[in-house]
Amino acid sequence: MMEAQEVEVEAQAATESGDQQLKLYSYWRSSCAYRVRIALNLKGLKYEYKAVNLLKGEQFSPEFRKLNPLGYVPVLVDGDTLVADSFAILMYLEEKYPQHPLLPPDLQKKAINYQAANIVSSSIQPLQNLAVLKYIEEKVSPDEKLEWVKVHIGKGFSALEELLNNHAGKYATGEEVYMADLFLAPQVYAAIRFQLDMTQFPLLNRMHEAYKKIPAFLDVIPEKQPDALFP
């Protein structure tokens, strides 16, 4: 697990050193970090896993906020470059490490990938994160927490089913894995954990089964992370 002093050293190293080893600050169940792990795996990039325990509040420490002022994971350190936010990290990786492109060459398909990724990253995931669920539990009722999650994931999934209906193949936008899939796989994983009935979303459910057969996805599932916890 991450120690405060260690984070401070890493933050300083991110801006001062020439070390080119990739480091990923992650939490095992974070769907945002999960997306980045898939991308790193697809691109064949080795990295050092730096665990940030969200349940213990390590993301809010002054030391970690030197890495990301918002106090969120993931954060990627690539030599003297530091990038926070999963969308920004994925775009950075795409430009610096072009192997296994995360975006298709076709402009329309590229736009669909952006749109699907944005639905997940702005209209679903933020409404199910720890801070929001804690607020619902404390200010409304613990009994409302799960229902809140299901309603908002369901709304987003309905939109995704409609958006991808005319574009999906084996995966979100055809027969190759692209950025939309990197956002969908962790989000469907989270939906199942929150007990959402995935039979309502046959297209997403089918793709979820397809992702299970891709080694680059399977190797970075939450249960396989070094900080995985099973309460």
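The structure is a predicted model, in which local features need pLDDT of at least 70 and side-chain atom pairs count only at pLDDT 80 or more, while totals for chains, interfaces and linings use all residues. Residues are numbered from 1 along each chain as its sequence is written, and side-chain values use heavy atoms, with hydrogens and water left out.

Mean pLDDT (the predictor's confidence in each residue, from 0 to 100) is 92, and 90% of residues reach 70 or more.

The protein has 10 helices and four strands (DSSP runs, numbered from the N terminus: H or I of at least four residues for helices, E of at least two for strands). Buried residues account for 52% of the 231 residues (buried: under 20% relative accessible area; exposed: over 50%; partly exposed: in between; 1.4 Å probe, protein chains only).

Leu146 is located in helix α7, residues 145-164. Because its relative accessibility is 31%, Leu146 counts as partly exposed. Beyond neighbours within four places in sequence, Leu146 is in contact with Phe194 and Gln195 (contact: heavy atoms within 4.5 Å). The C-alpha atoms of Leu146 and Gln195 lie 8.5 Å apart, with the two residues 49 apart in sequence.

Leu130 belongs to helix α6, residues 130-139. With 44% relative accessibility, Leu130 also counts as partly exposed.
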